[in-house]
Amino acid sequence: MQDVITGRVWVLGDDVDTDGIIGGKYLTLMDPNELKKHVFEIALPEFAANARPGDIVVAGPNFGSGSSREAAPAAIRAAGVGAVVADSFARIFFRNCINLGVTAIEANGARALFEKGDIARIEVRTGRIVNERTGRSVTFPPLPPHLLELLEVGGLVEKVRRELIAERARAPT
Amino acid sequence: MNQANHGHTLAEKILSRVSGVDGIVPGQIVEGRVDLAMMHEQGASSVEPFRAMGAEKVWDPERVVIAIDHWVPASSEGAAVIHRILRKFATEYHLPHMYDVGNHGICHQVLAEDGWVVPGDLAVGTDSHTNMLGAMGAVASGIGPTEMAAVLALGRLWLKAPPTIQIRVRGRLGPGVTAKDLILRIVGEVKTSGAAYKSIEFTGPTIEALSMPERFTLCNMTTEMGAKCGMVAADGKTMEYLAGIAKHAMHPISADPDAHYERVIDIDVDGMPPMVACPYSPDNVRPLTDVVKEQVKVDQVFLGSCTNARIEDLREAAVLMKGRKVHAGVRYIVSPASTAIYNQALREGIIEIFTDAGAVFTNSSCSACFGGNMGILAPDEVCASSSNRNFPGRMGPKEGRIYLMSPAATVAAAVNGVISDHRELA
C-alpha cells in the first residue's frame, strides 16, 4: 500500500450493489482476468474497456451492497484499480476489499468532489482526498491500525501466513 | 453517558461469549471464536488462499459445513469445476459435512434444518444471507472467501462490535399478511443502508408469536438493510425447534433489560396490508393494494429462495393454487429450499398441485433468485418473486423488473397474470 495514491477518477452513483459490479452470471469465472472484462458492466458499462491501471473509483453511499461475492473486489483489483473511495461502504464488500489488499477509503463527501477524468490524490495515513483539478478536498478518519497493517502486508493471505509461521515457532517441537 | 454503564445488547453479549472480553461496547474490535463456518460455491475461492496461507489443517472439521446450492446440479462447466474443487477440498482436509447433489439444499436452510447454528453461536458463511441464522439467537454473518480461508485456518476472525437497532413489533398480522410483508415494510422504512454495520434485534409480542420459519424469513432480509446480523433472542420456540438436532452446546442469551440501543423502531402491524418491493431496490416498498391498481403484467413468477421456500411457504401457496391454473403465457417456477422440503412436499401432494396447475416444480437450489442459473429473464420482462433482491440485473438483464412479495402473493400473480391481491383468491 502506498501512503499517497494518485489516479484518474471514475465516478459511480449511489447504492451501487454487487450485481452492478459483477453479475451473477459471471460467478463461475474463477480467473480474475476473465472477471475484469465484466467489471461494472451494469453500473458503469464503459469502465471495463477503458480503465487503466492506477485509476481510482469514487462512489456514493452504500457502495458494494448486496451479496458477499468477493468476485466484485477481485474484478476491481484485476482491473488494476489503485483505490476505491466511497461516501460509505457496505460491510462485506469493504472487508473483502481490504482482505484482497485493495485500498478502500470511506470519505463522506468525496463523491461530490469529482467528475469523471479528474485526478484524485489520496493521503491514506493522514486522511485527506484532494481533487487536483479543483483543489477541493475532504478529510476522512484514517483506517484503524489493524486494517492499515492488513493493507501494508498486501492482504489477509499474507497476514495469516505470517501468523501461522509465528504460531509454529512458538509451539514446542 | 458512558455506554459501559448500561446493560448489553444481544450482539454485544454473544460477542463477549465468543471473545472472552466482558463489557463490549459498539465500535470495539474483538477476536471471536467461530462456532460454525459454512461454505457454499463461493468457498471454492477459499481453497487457494487457504493453501497460500500455509495452513496444514482445518481448525475444526466438525464446525465446517459445505453446502452447494447456487448451481445444483451443475449447470455449466464452470460450476462443475467449482463443485469438484469443494469435493476434493472436503476429502483432502477430512471435512465430513458436505451437502452434495442428492441431499442438497440452500445453505442457510440446511444449516437450520440440521441444527448447525444454535443460540449464542458466532456463525459465518460465504453468503450474505447468512444473517438468516440469527433467528436462532446467534450472531450469524456473511463473509468473503478469503476471510473464510482465514477462519478455516485459525477458527477465529476480528469483528467490530456493532451498534444495535431494536425493532419492537406489536399487533396481529391479518389474514394473508405474513412475516415477509413485515420484513418488506421494515426494509422500506430502514432503507438498504439504514442498518449498515449494525445489529438488528427483533422483539415484541408479534415476534414472540412468530414460528421459527417466519423468524428465518425476517432475519434473512436484515441483509437488505446492510445489517451485520439480525436476531431474535432464543426462546421456547427456538429450543423446541432445535431439540434433538442441535449439533453443539447451546448458550441461550437475552439482551439486558437496560441495554443501550442506537435506535428503537416501533411497529404496529394491526391493519397492515401485504407489501411489495418494486424495482429496482428492496427498499422501494409499497402496499400490494397500491401496486395492484397498476395492473403490472408478469412474464415469470418465482416461489423460491432462502427467504421463502420452506414447507410452510409451499403449503400456504398450494392451498391457493389448488384447482386453479397458471395464467397463459406465465412461467411459474417453484423451487423448494431443501431436498427435505422437496420430499415433504412430495408426500403431502404439494408438488402435484403445482404441476397440475402448469407450474414447474424444480429440485432445490437458489434457482431463479440470482440470475446465474435458471429462470433468467429476457430484457424488459417482469417477474413476481418471493426472493430477496430486485436490483438491476439480479435475474440476468439490467432491464428485468422484479417485484418482491410473499409466497401467497406469487400465486395470485401466477393465476391472474398480473400482480394481484391473493386475499381475493382465498
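Two strands count as paired if DSSP finds at least two bridges between them, and helices (H or I, at least four residues) and strands (E, at least two) are DSSP runs numbered from the N terminus. With that in hand, here are my notes on this predicted model, where local features need pLDDT of at least 70, side-chain atom pairs count only at pLDDT 80 or more, and totals for chains, interfaces and linings use all residues. Residues are numbered from 1 along each chain as its sequence is written, while chains are lettered from A and ligands numbered from 1 in the order in which they are written.

1. **The chain A sheet.** Start with A:Val9, which sits opposite A:Ile56 in β2(A). The strands involved are β1 (residues 4-11) and β2 (residues 56-59) of chain A, paired in the parallel sense over 3 bridges. They belong to an open sheet of 7 strands in chain A, ordered β4-β3-β2-β1-β5-β6-β7, with mixed pairing. At its edges you'll find β4 (104-106) and β7 (137-139) of chain A, each pairing on one side only. Neighbouring strands here are turned by 25° against each other on average, direction ignored; axes are lines fitted to C-alpha atoms, for helices over the stretch in contact, and angles run from 0 to 180 degrees between N-to-C directions.

2. **The chain B sheet.** Chain B has an open sheet of 5 strands, in the order β4-β3-β2-β5-β6, with parallel pairing. β4 (98-99) and β6 (139-142) of chain B have a single partner strand each, so one side of each goes without a neighbour in the sheet. Inside that order, β2 (residues 36-39) and β3 (residues 64-67) of chain B pair in the parallel sense over 3 bridges, with B:Ala37 opposite B:Val64 in β3(B). Helix α5 (residues 145-154) of chain B lies across β2, β3 and β5 (122-125) of chain B, at about 140° to β2(B).

3. **Where the chains meet.** Contact is defined as C-beta atoms, placed from the backbone, lying within 7 Å. On that basis, the contact takes 42 residues from chain B and 34 residues from chain A. On the chain B side, α2 (44-52), α3 (77-92) and α5 each supply at least two residues, and α5(B) gives the most, with 6 residues. The chain B side divides into 19 nonpolar, 17 polar and 6 charged. For these classes, Ala, Val, Leu, Ile, Met, Phe, Trp, Tyr, Cys and Pro count as nonpolar, Asp, Glu, Lys and Arg as charged, and the others, Gly among them, as polar.

4. **A helix pair across the contact.** The axes of α7 (residues 156-170) of chain A and α5(B) come within 10 Å and cross at roughly 10°. From α7(A) the contact uses A:Leu156, A:Val157, A:Val160 and A:Leu164, and from α5(B) it uses B:Thr146, B:Glu147, B:Ala150, B:Ala153 and B:Leu154. By class, that gives 7 nonpolar, 1 polar and 1 charged.

5. **Two domains in chain B.** The domain assignment gives domain 1 (3-267) and domain 2 (275-424) of chain B; such bounds come from an automatic or database domain assignment. Their centres, taken over C-alpha atoms, are 25 Å apart. The contact takes 31 residues from domain 1 of chain B and 28 residues from domain 2 of chain B.

6. **A covered helix.** α8(B) is mostly covered, with 7 of its 9 residues buried. Buried means 20 or more other C-beta atoms within 10 Å of the residue's own, exposed means 12 or fewer, and partly exposed is in between, with C-beta atoms placed from the backbone. Those buried residues, among them B:Phe216 and B:Leu218, pack against α4, α6, β9 (199-203) and β10 (229-232) of chain B.

7. The B:Val72 to B:Pro73 peptide bond is cis, with omega near -10°, and B:Pro73 is in the loop between β3 and α3 of chain B. The bond from B:Pro279 to B:Tyr280 is cis too, with omega near -5°. A:Phe40 has a positive phi of about 60° although it is not a glycine, and A:Phe40 is buried, with 23 other C-beta atoms within 10 Å. B:Gln295 also has a positive phi, about 50°, but B:Gln295 is exposed, with 11 other C-beta atoms within 10 Å.

Notes:
Contact = placed C-beta atoms within 7 Å.
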